[in-house]
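Load the model in your viewer and keep a selection panel ready. The stops below go from the whole chain to single residues.

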Amino acid sequence: MNVDLEISSKAHKLHIEKIAEKIGLSKNEINTYGNDKAKISWNAINRVEKENKKGNLVLVTAINPTPAGEGKTTTLVGLVDALNKIGEQASGCLREPSLGPCFGVKGGAAGGGHAQVVPMTDINLHFTGDIHAIGSANNLMAAMADNHMYQDTEPTVKPENLIARRTLDISDRTLRKTQIGIGGKFSGIPREAGFDITVASEVMAVFCLSNNLTELQERLGKIIVGWQDDGKPLTAKDIHANGSMAVLLKDALQPNLVQTLENNPVFIHGGPFANIAHGCNSVLATKTSLHTSKWTITEAGFGADLGAVKFFDIKARKAGLSPNAVVLVATVRALKHHGGADKDSLATEDLESLKNGIPNLIRHIENLQKFGVPIVVAVNQFVSDTKNELDLVIAECNKLGIEVSLCTHWSDGGKGCEDLAKKVISMASHKPFTPLYDENLPLWDKIEIISKEIFRANGVIAEGEDPSKLDEIKAQLIEWEKLGYKNLPICVAKTPASFSDSPKLLSAPTDFKIHIRQVSLSAAAGFIVVQCGAVMTMPGLPKVPAGNNIKLDEHGNIQGLF
């Protein structure tokens with residue numbers, strides 16, 4: 001049995017009512033899903049927002065991810081357990097795992113070792129049905145959009161201008177581009193269409209950025225399903241779909257409550273893709289945690305160049321959040337990979353590769369400092385890390401005045417993050433963060449600021465270096481500004497493996513340009529997506545999918561999920 005699953009299967013879980021009590025909720029204020037999962041009721045959400053002050057917010061982010069793994073989620077769980085262990089009441093906030101990665105490349109996503117969230121198998125599979133509800137709402141919208149066109153209802157839209165896509169929460173490359181409506185008039189109007197994985201849909205992004213049901217319904221109505229002949233958007237509200245969509249999402253919008261192995265509260269709610277969207281758990285879960293906990297520990301997907309920047313510029317800016325501290329996760333193994341070491345040799349001391357990879361960590365520190373929030377580096381330790389390697393990382397961070405904490409939460413649980421917890425408490429600031437750019441700047445200026453200030457590119461060009469294509473992209477941005485979308489933040493979609501848009505440029509590359517393939521408008525979510533490179537909104541399965549090894553044993557227990 002996999003060690004993570006073995007540890008999880010032996011967990012002593014408290015009844016979810018006991019976990020709710022830890023954050024001041026009665027059993028009448030939660031809707032239970034068995035003994036170990038619950039949704040927070042609307043009465044409770046409204047009550048704590050009125051009665052309780054906000055606690056402290058800590059963002060967990062990381063260096064650029066590598067095949068060696070960084071352990072961002074395990075660090076978050078370890079920090080939650082450590083804070084509670086030293087007498088500071090804390091809760092975690094995580095995204096819901098998608099079935100696509102679970103059965104594809106990545107596998108499960110609820111921590112590991114002795115820093116896990118349980119029930120791990122439920123969380124990684126159907127959980128409380130939120131993602132299914134989001135997929136249903138999206139597909140209802142797509143069906144109503146096609147019917148609107150088929151019935152020739154005003155305002156009319158041509159087949160080539162209808163852009164609503166279906167969703168499925170399974171990785172399936174064959175659905176990226178499809179032909180629908182074939183079989184004669186009885187089957188609709190033929191057109192080219194396609195599927196996205198559910199967590200990449202704008203419905204998911206809207207779901208995670210809405211504060212309540214009223215806002216959810218209003219935001220859903222702003223989703224653009226097509227373009228009218230006069231260039232105006234055709235929205236979900238225009239086709240009268242947003243009300244029905246909100247009905248399907250009514251229960252799903254309530255945050256989910258579970259627990260760590262050490263029986264501390266964790267909210268797991270929403271799961272937007274970290275590339276095509278903002279990659280953070282729901283605003284509603286974060287705010288509910290802030291009003292029920294002294295410390296709320298949340299995370300943002302991928303490395304800090306994507307996740308943390310989007311957290312600040314999209315989620316925090318729009319939701320009125322301001323982290324009191326940032327934890328930047330790194331591993332010696334990952335830094336050696338960035339420094340050129342082969343994956344098979346990462347367990348061997350290699351100070352030269354480590355020196356070459358540390359600039360990746362330093363650049364993330366420098367970038368995060370631009371937001372004006374205190375930073376501590378959490379080194380997720382492996383048994384193969386040597387004293388010389390750890391001392392080198394500490395010394396380089398100390399040169400910048402940055403605290404470093406060596407963490408052993410994978411093997412020791414909360415005890416292995418107590419030093420990190422104490423450093424987070426000591427450095428927490430109550431000053432508001434500084435946005436990277438003024439939201440009233442032209443859209444193109446915002447793109448250039450992110451590219452130069454965060455990625456450190458020396459220019460932004462169109463994919464293929466075609467000046468006419470770049471002119472088209474700029475013209476599209478100006479057109480959206482005229483339609484009233486100038487103040488939207490930028491959501492860059494690119495490889496998470498590098499500061500650049502090439503996964504081969506590791507560590508801290510310089511003298512490169514960002515290549516834009518296309519831009520798209522997420523009007524309801526409230527951001528402009530800038531796609532750099534081949535970012536897939538419907539992943540494919542690898543040659544050997546994780547699903548090959550997932551099965552039930554003779555007792556009905558799940559095996560191979562982690």
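With the whole protein selected, consider its contacts, a contact being heavy atoms within 4.5 Å. Among those between residues at least 6 apart in sequence, 73% join residues at least 24 apart. This is a predicted model, in which local features need pLDDT of at least 70 and side-chain atom pairs count only at pLDDT 80 or more, while totals for chains, interfaces and linings use all residues. Residues are numbered from 1 along each chain as its sequence is written, and side-chain values use heavy atoms, with hydrogens and water left out.

Switch to a cartoon view. There are 19 helices and 25 strands in the protein, taken as DSSP runs numbered from the N terminus (helices H or I, at least four residues; strands E, at least two). The radius of gyration is 23 Å, close to the 24 Å of the globule rule for 562 residues, so the protein is as compact as a globular protein of that length. That radius is taken over C-alpha atoms, and the rule is 2.2 Å times the number of residues to the power 0.38. The C-alpha trace spans about 70 × 60 × 50 Å along the principal axes.

Colour by accessibility next. Of the 562 residues, 58% count as buried, meaning under 20% relative accessible area with a 1.4 Å probe, protein chains only.

Now select T75, in helix α4 (residues 72-85). T75 counts as buried because its relative accessibility is 1%. Leaving out residues up to four places away in sequence, T75 touches V327, V329, A378, N380, H409, C417 and L420.

From that list, move to C417. For C417, the nearest cysteine sulfur is that of C407, 4.0 Å away. C417 is buried, with a relative accessible area of 0%. C532 is also in no disulfide, and the nearest cysteine sulfur, that of C491, is 11 Å away. C532 counts as buried at 3% relative accessibility.

The last stop is S293. Where is S293 placed? Look in the loop between α11 (283-290) and β15 (295-299). Is S293 buried or exposed? With a relative accessible area of 6%, S293 is buried. Residues up to four places away in sequence aside, S293 touches I23, G55, Q89 and S91. Finally, draw a C-alpha to C-alpha distance from S293 to A319: the two are 26 residues apart in sequence and 18 Å apart in space.

Terms used:
Buried < 20%, exposed > 50% of the residue type's maximum accessible area, 1.4 Å probe, protein only. Disulfide = S-S within 2.5 Å.
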